Amino acid sequence: MAIWDSFSGRKATATQDGGFDPTSAQDVSSFLQENALPDPSQLHPLAGLNQDALDYLTLEDSALDTLPGSRSALPSRGWSDDLCYGTGTTYLAGLTIGGAWGLAEGLRRTPASAAPKLRLNGVLNSITRRGPFLGNSAGVVAMVYNGINSMIAYGRGKHDAANSIAAGALSGMIFKSTRGTRPMLISGGIVASIAGVWTVTRKALFS
């Protein structure tokens, strides 16, 4: 044991005759008690803090849009909210209307005497053709409209019917700009009319 103690650095307890006294060694229970695991609650990074006097960090929401006439169905924090809300709701509305249009068209074009599977297939083909087409077209027009409307509003310093009608006319003409002058004017007139109706409705309901 003397050789092993010299390598390990262990100091043996000497007895009166110079030998090792095994009774002086600690038992296993005392060893475990001295090296017990710490309290898990003390391992938390915020352990020991005074929770009553602790100040929490609070982040306020972004301020809502303060331009005159900007109040709508949903609270808006600016052009980004208008762009997201307007494009999303218009896309869903176009998808729904297009799906209903395709359903009616499919039922009308498919003979009533046709097999149920053929009739169902014809109706589904019409729905998937009309629904996404109208939804995508309406979403694109709404995205351009909201962008133009926001630029005009911040340029003039207010939201009003003139902004909406002008933005509707411009977005409609841009959407059909590759089809020629006549389709551009028709599309601009249609979108401007829809924007005007929406402006009147919003003013009546949310003002």
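First, the ground rules. Residues are numbered from 1 along each chain as its sequence is written, and side-chain values use heavy atoms, with hydrogens and water left out. Because the model is predicted, local features need pLDDT of at least 70 and side-chain atom pairs count only at pLDDT 80 or more, while totals for chains, interfaces and linings use all residues.

On confidence: pLDDT is the predictor's confidence in each residue, from 0 to 100. The chain has a mean pLDDT of 75, and 61% of its residues reach 70 or more. Helix 2, residues 28-34, has the lowest confidence, at a mean of 55. The highest is in helix 5, residues 161-175, at 90.

Now the fold. There are 6 helices and 0 strands, where helices (H or I, at least four residues) and strands (E, at least two) are DSSP runs, numbered from the N terminus. Along the sequence the pattern is α-α-α-α-α-α. Of the 207 residues, 23% are buried; buried means under 20% relative accessible area, exposed over 50%, and partly exposed in between (1.4 Å probe, protein chains only). The accessible surface comes to about 15200 Å², and carbon and sulfur atoms account for 64% of that. Those areas come from the Shrake-Rupley method with a 1.4 Å probe; for residues, only the protein chains shown count as cover. Taking contacts (heavy atoms within 4.5 Å) between residues at least 6 apart in sequence, 52% join residues at least 24 apart.

Helix 4 runs over residues 116-156, which is 41 residues. From first C-alpha to last it reaches 58 Å, close to the 60 Å expected at 1.5 Å a residue; the expected span is 1.5 Å times one less than the number of residues. After helix 4 comes G157, with a positive phi near 85 degrees.

Next, the charged pairs. How many salt bridges does the structure hold? There are 3, a salt bridge being a side-chain nitrogen of Lys or Arg within 4 Å of a carboxyl oxygen of Asp or Glu. E105 pairs with R109, with the closest N and O atoms 3.5 Å apart. These two are 4 residues apart in helix 3, so about one helical turn separates them. E105 is buried, at 3% relative accessible area, whereas R109 is exposed, at 56%.

E105 also forms a salt bridge with R129, at 3.3 Å between the closest N and O atoms. That pair links distant parts of the chain, E105 in helix 3 and R129 in helix 4, 24 residues apart. R129 counts as partly exposed, at 40% relative accessibility. R130 bridges to E105 as well, with the closest N and O atoms 2.8 Å apart. Here too the link is between distant parts, R130 in helix 4 and E105 in helix 3, 25 residues apart. Through shared partners, E105, R109, R129 and R130 form one network.

Helix 3 spans residues 79-109 and contains Y91, which is partly exposed at 31%. Y91, L92 and L95 make a nonpolar patch on the surface, with about 250 Å² of accessible area together. Patches are made of residues with over 30% relative accessible area and no salt bridge: like charges are joined within 9 Å, nonpolar side chains (Val, Leu, Ile, Met, Phe, Trp, Tyr) within 5 Å. Y85 also lies in helix 3 and is partly exposed, at 36%. Y85 and A142 are 57 residues apart in sequence, and their C-alphas are 9.8 Å apart in space.
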